[in-house]
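Please look over the structure shown below. The report that follows covers its cavities, its aromatic pairs and a few of its helices.

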Number of protein chains: 2
Amino acid sequence: MSFDKVAIIGLGLLGGSIGLATARYLPGVVTTGYDADPAVRARAAELGLAGTICASAADAVTDADLVILCVPVGAMGDAAIEIAGALRPGCVISDVGSSKQSVLAALNKALPGTTIIPAHPVAGTEHSGPDAGFASLFHSRWCIITPPEGTDSALVDALSAFWSALGAKVDVMSPRHHDLVLAVTSHLPHLIAYTIVGTASDLEEVTRSEVIKYSAGGFRDFTRIAASDPTMWRDVFLNNKEAVLQMLQRFTEDLTALQRAIRVGDGDTLFDHFTRTRAIRRSIIDEGQDDARPDFGRGDHED
Amino acid sequence: MSFDKVAIIGLGLLGGSIGLATARYLPGVVTTGYDADPAVRARAAELGLAGTICASAADAVTDADLVILCVPVGAMGDAAIEIAGALRPGCVISDVGSSKQSVLAALNKALPGTTIIPAHPVAGTEHSGPDAGFASLFHSRWCIITPPEGTDSALVDALSAFWSALGAKVDVMSPRHHDLVLAVTSHLPHLIAYTIVGTASDLEEVTRSEVIKYSAGGFRDFTRIAASDPTMWRDVFLNNKEAVLQMLQRFTEDLTALQRAIRVGDGDTLFDHFTRTRAIRRSIIDEGQDDARPDFGRGDHED
């Protein structure tokens, strides 16, 4: 089985990219789209982010056999309530949120008796909004599907096939394990980046202009992540609190150990640590999860 | 006045790039090069990183009117001692180290009575060694020159002109201020990146394979910086200890505040912080210090 009519609720970076990718790679699939912001709906219509842009969420999901909620994780419950009365029997509800236990709980509460299969494509950029989407966003990126126990495996397979068609590689795991994995691979890095960019902005002895001028020494890398959508990330931290705090505790312990090594002048500990961390970059490049060119292939290093 | 014969001691990423850039943009300038590692010297000769690759540091600096030490900051003193007897009168000694107070002290001690003008081009990639260099590395990047008080301004101007010719923008400041600025724009970001990559590698509940697969959620950005040269970075932290510890203290306070906001569910504090950090990215792009394309223009997002 496969999905013939897909409704996309929320037309930002992720929702827009799903619409564009479906049009390109699954041209037989009908898409409808809705966004709570009228300006985003108008822009989405201009850009053709879905086959039809609807005036209400209920209109968008009528007749859909797959609904994908692409709103901040804190807004999932309300978005589900809006469509609850309009779903056709057998419709599968999915999403793209960065935390999965909280989303599953919110959707279960709003849509009792409905088939809910949460998903998370691990892809994105620091840009947001309807203009940020593009059809190849999911190419070679992983999409994690977190079906609750007892979900019909044919439906899980159909959702996997949908994401594979969009170019993604698919993994299946429990919502709890997803939240732990993403806490370290995504949520903690974002928290650290947001923190250091704030720290650098607030100094007295070093001006903001100096921070900007000399950012090529490393700082600029963090500013990309710290430019991500504030609403989305507020919701992620509030909705994956336990796992984020757990990873943060580990990070703080490790940072304290390196801080101590610097204070006492323990060069061997620093050298050993810095040597060990080098290997993981090579693995990420070998697995096709990053650009092998120096400095991510930034334009200013073309030669 | 200008420099006609430039000796480059240390032929890794920075030294090699200086040699290649001088050949391209200052073809009338004669360059000599030396590296303590015979294998690096052999490779440097193959790659043409300097006009002549010499068998000793003393040979390389004979007749030079500018010597640039491109070795880890902890090795500056020993490198200076090696050339002490071979310098011609009036020769200017400079370097490319990432900490300036400690380098100035080490060079003053090893080369009393010599004109020493430390410098730091804020440029690089995560790669190191003789194969990592390229002629355009310094294009539009800042080079900070930190002359001690009383330095002949004509010599500072000549060094500025040399770096300008290589494509850099030049600033002059005190060694102390340099060390504070770089602690926040470069040293702290590297320490944080090295820490989080180590933390992610050491988890029990999340495998290293999972960390690698889902690294596109943010983590992979940190692995680039954490792949930088371990010897260079050990020396940076040992030689700019006070400023790094000062910045680290600020960072830890700010991280603790965000951690508390997550724990108590204070979404407004998170949202305000995340909104504030967005603006600085735009300034960095406007100042030409980073690539404006989403995700640094990584190849996998070409569409």
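Which residues line the second largest cavity? They are A:Asp221, A:Phe222, A:Ile225, B:Asp221, B:Phe222 and B:Ile225. This is a predicted model, in which local features need pLDDT of at least 70, side-chain atom pairs count only at pLDDT 80 or more, and totals for chains, interfaces and linings use all residues. Residues are numbered from 1 along each chain as its sequence is written, chains are lettered from A and ligands numbered from 1 in the order in which they are written, and side-chain values use heavy atoms, with hydrogens and water left out.

**Cavities**

A cavity is a set of points, on a 1 Å grid over the protein atoms alone, where a 1.4 Å probe fits but cannot get out; lining residues have an atom within 4 Å of a point. Grid points are joined across faces, edges and corners, and a volume is the space filled by probe spheres set on the points. The whole structure holds two cavities of 30 Å³ or more.

Lining residues are sorted by type: Ala, Val, Leu, Ile, Met, Phe, Trp, Tyr, Cys and Pro are nonpolar, Asp, Glu, Lys and Arg are charged, and the others, Gly among them, are polar.

| Cavity | Volume | Lining by type |
|---|---|---|
| Largest | about 50 Å³ | three nonpolar, one polar, three charged |

The largest cavity is lined by A:Gln246, A:Met247 and A:Arg250, along with B:Leu203, B:Glu204, B:Glu205 and B:Val206. Helices (H or I, at least four residues) and strands (E, at least two) are DSSP runs, numbered from the N terminus.

**Aromatic pairs**

Rings of Phe, Tyr and Trp (its six-membered ring) pair if their centres lie within 6.5 Å; planes under 30 degrees apart are stacked, over 60 edge-to-face, and the rest tilted. Over all chains the count is 14 aromatic pairs. A:Trp233 and A:Phe237 form a tilted pair, because their ring centres are 5.7 Å apart and their planes stand at 40°. These two residues are four apart in helix 10 (residues 230-239) of chain A, so about one helical turn separates them. Buried means under 20% relative accessible area, exposed over 50%, and partly exposed in between (1.4 Å probe, protein chains only). A:Trp233 is buried at 3%, and A:Phe237 is buried at 0%.

In chain B, the rings of B:Phe162 and B:Trp163 have centres 5.9 Å apart and planes at 80°, so this pair is edge-to-face. B:Phe162 is buried at 4%. B:Trp163 is buried at 0%. Ring pairs also link A:Tyr194, A:Trp233, A:Phe237 and B:Phe274 into a cluster.

**Helix surroundings**

The buried residues of helix 10 of chain A include A:Pro230, A:Asp235 and A:Val236. Their cover includes helix 7 (175-201) and helix 11 (241-264) of chain A, plus helix 11 (241-264), helix 12 (267-276) and helix 13 (278-286) of chain B.

What covers the buried residues of helix 1 of chain A? The cover includes strand 1 (5-9), strand 2 (30-34), strand 4 (66-69), strand 7 (119-121) and helix 6 (153-165) of chain A. Among those buried residues are A:Leu13, A:Ile18 and A:Thr22.

In chain B, B:Ser17 lies in helix 1 (residues 13-25). B:Ser17 is buried at 0% relative accessibility. Contact means heavy atoms within 4.5 Å. Beyond its neighbours within four places in sequence, B:Ser17 is in contact with residues including B:Gly12, B:Phe134 and B:Phe138.

Conventions. 1 Å grid on protein atoms, 1.4 Å probe; cavity = no way out; pocket = protein on both sides within 12 Å on 5 of 7 lines; lining within 4 Å.
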